[in-house]
Amino acid sequence: MKQLFSAFYRKLEETNMRFERYLKSQIDWNNRLTAITGARGTGKTTLLLQHIKETFGNAPQDVLYVSLDNIYFSVNNLYSMANDFYLLGGKELYLDEVHKYPAWAQEIKNIYDDFPKLKVIFTGSSILQIFKANADLSRRVRHFQLYGLSFREFLIFEGLLQKTQQPFSLAEILENHVSIAQKLIREITPLPAFQKYLQYGYYPYYQEDIAGYGERVLQTFNAIMESDLPNVESIDFYSINRIKKLFYILSEMAPYTPNISQLSQQVDVTRASLINYLSLLEKAHAILLLRKKATGLRQMVKPEKIYLQNSNYSYALSAESPETGTVRETFFYNQLQPNYDVAYTEETDFCIDGKYYFEIGGKNKTTRQIKDLSNAYLALDGIATGFRNEIPLWLFGLLY
């Protein structure tokens, strides 16, 4: 136990409070059991440590943070550690990387039941099936999902925008985009920063090495496939290689209108396996599946289009500059999907929440395609401010 506290205190000392993720203020930290999931590299560990440091200081005695990939757990189990901590007067237990621990769901459920005065907050891979892992656990837990940096967060991270700049709702942008843009461009020059964000701004670790960022993005993907995925799913090495092959095929064609039979032949798997692989890539935040507005099994069968999950993947995987239109659409979908329902529509590129229609394009795109639609808008790249239903694309990066 002493070594766990020593490692914890070292991490707190090294934790930088300069920049905080959007989710930190949204979590109700008073819940007895809280789950935070997200893709590798989005900042879950830093989120926990910042909250602890801000709330309890650098050396709290009744709070403990541990990562479940610590060698300590090769000879000790999680429940016994929690019991020892509770007997020492422990009140809050922060568990990182729970997907690295085989029996995490059952033991956390037991900890919750047996230590009613102990608060438990845990993080895990976005692939985790929190609400399927243990039925009793799922009824108790509050779940929050952490996404990569929004364009708003990137601007704050770069020191270009004030920390006090809060996200806008979609309704605010649609109604007041001209005044919002005019106010912001007094403080920032959005278009150059926007181009940088599209290339390297989604994962917070970009500042460590911008030149090598693309390679690290691909290393992160490989780590998800080769480490996180096997820890969560019963999956063999053959399947992992097929999933990686599928991802690279999709990266060359995105946005891709899938022919499932043809794609399954290319990957050399059955149709059922391919559908499962697409689902796993979506949960791993590697791709975005655009579906028709539907419910139940019909929604699960076949997506209408497939995008890479964020524009940084497009640049990391492209030998040359990726196709501009694809990058624009990927950005729009990526920034809307954390808080809004994004669906396929035959009339425009995207339908949001079943009532707003969007065409994505460059500054010369006309309203011809949407002139007969109500609640229809253009999201345009290359403009700093808009006019009527023509809205700067970069503004949609201020939604979270």
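This is a predicted model: local features need pLDDT of at least 70, side-chain atom pairs count only at pLDDT 80 or more; totals for chains, interfaces and linings use all residues.

Colleague: Which helix and strands do the buried residues of helix 2 pack against?

Modeller: The buried residues of helix 2 include Leu-47, Leu-48, Leu-49 and Ile-52. Lys-44, Gln-50, His-51 and Lys-53 are buried there too. Their packing partners are helix 1 (2-14), strand 1 (33-38), strand 2 (63-67), strand 3 (92-96), strand 4 (119-125) and strand 5 (142-146).

Colleague: Which residue just after helix 2 takes a positive phi?

Modeller: Helix 2 runs over residues 44-56. Just after helix 2, phi is positive, at about 85°, in Gly-57.

Colleague: Is Lys-24 buried or exposed?

Modeller: Lys-24 sits in the loop between helix 1 and strand 1. Apart from residues up to four places away in sequence, Lys-24 touches Trp-29, Leu-47, Gln-50, His-51 and Glu-54. The cut-off for buried is under 20% relative accessible area. Lys-24 has 9% relative accessibility, so Lys-24 counts as buried.

Colleague: Which side chain makes a polar contact with the side chain of Lys-24?

Modeller: The polar contact has a length of 3.4 Å. It joins the side chain of Lys-24 to that of Glu-20.

Colleague: What is the C-alpha separation of Phe-122 and Leu-95?

Modeller: Phe-122 is in strand 4, and Phe-122 counts as buried because its relative accessibility is 0%. Leaving aside neighbours within four places in sequence, the contacts of Phe-122 include Leu-33, Ile-36, Leu-95, Trp-104 and Val-141. Phe-122 and Leu-95 are 27 residues apart along the chain, and their C-alpha atoms are separated by 4.4 Å.

Colleague: How many cavities of 30 Å³ or more are there, and what is the volume of the largest cavity?

Modeller: A search of the whole structure finds 2 cavities of 30 Å³ or more. The second largest cavity holds about 30 Å³ of space. The largest cavity has a volume of about 40 Å³.

Colleague: Which helix gives the most residues to the lining of the largest cavity?

Modeller: The lining is made up of Tyr-197, Tyr-202, Asn-310, Ser-311, Asn-312, Phe-331, Asn-334 and Gln-335. These divide into 3 nonpolar, 5 polar and no charged residues. At least two residues come from each of helix 15 (311-317) and helix 16 (324-336). With 3 residues, the one that gives the most is helix 16.

Colleague: How many charged residues are in the lining of the second largest cavity?

Modeller: Gly-38, Ala-39, Arg-40, Ser-125, Ser-126, Ile-224, Asp-228 and Ala-284 line the second largest cavity. Of the lining residues, 3 are nonpolar and 3 are polar. The charged residues number 2.

Colleague: Is Ser-126 buried or exposed?

Modeller: Ser-126 is in the loop between strand 4 and helix 5 (130-133). Beyond its neighbours within four places in sequence, Ser-126 is in contact with Thr-37, Gly-38, Ala-39, Gln-145, Lys-283, Ala-284 and His-285. Its relative accessible area is 9%, so Ser-126 is buried.

Colleague: What is the form of the peptide bond from Ala-254 to Pro-255?

Modeller: Pro-255 is in the loop between helix 11 (237-253) and helix 12 (260-267). The peptide bond from Ala-254 to Pro-255 has omega near -5°, and its form is cis.

Colleague: What is phi of Asp-353?

Modeller: Asp-353 is in the loop between strand 9 (350-352) and strand 10 (356-361). Asp-353 is partly exposed because its relative accessible area is 35%. Its phi is positive although the residue is not glycine, with a value near 55°.

Colleague: Where does Asn-375 lie?

Modeller: Asn-375 has a positive phi near 55° and is a residue other than glycine. With a relative accessible area of 39%, Asn-375 is partly exposed. Asn-375 lies in the loop between strand 10 and strand 11 (376-380).

Note on methods
Residues are numbered from 1 along each chain as its sequence is written. Side-chain values use heavy atoms; hydrogens and water are left out. Helices (H or I, at least four residues) and strands (E, at least two) are DSSP runs, numbered from the N terminus. The expected span of a helix is 1.5 Å times one less than its number of residues. Buried means under 20% relative accessible area, exposed over 50%, partly exposed in between (1.4 Å probe, protein chains only). Contact means heavy atoms within 4.5 Å. On a 1 Å grid over the protein atoms alone, a cavity is a set of points where a 1.4 Å probe fits but cannot get out, and a pocket is an open set with protein on both sides within 12 Å along at least five of seven lines; lining residues have an atom within 4 Å of a point. Grid points are joined across faces, edges and corners, and a volume is the space filled by probe spheres set on the points. Ala, Val, Leu, Ile, Met, Phe, Trp, Tyr, Cys and Pro count as nonpolar, Asp, Glu, Lys and Arg as charged, and the others, Gly among them, as polar. A polar contact is a pair of N or O atoms within 3.5 Å; within protein, one must be able to donate a hydrogen and the other to accept it, and residues adjacent in sequence count only if both atoms are side-chain atoms.
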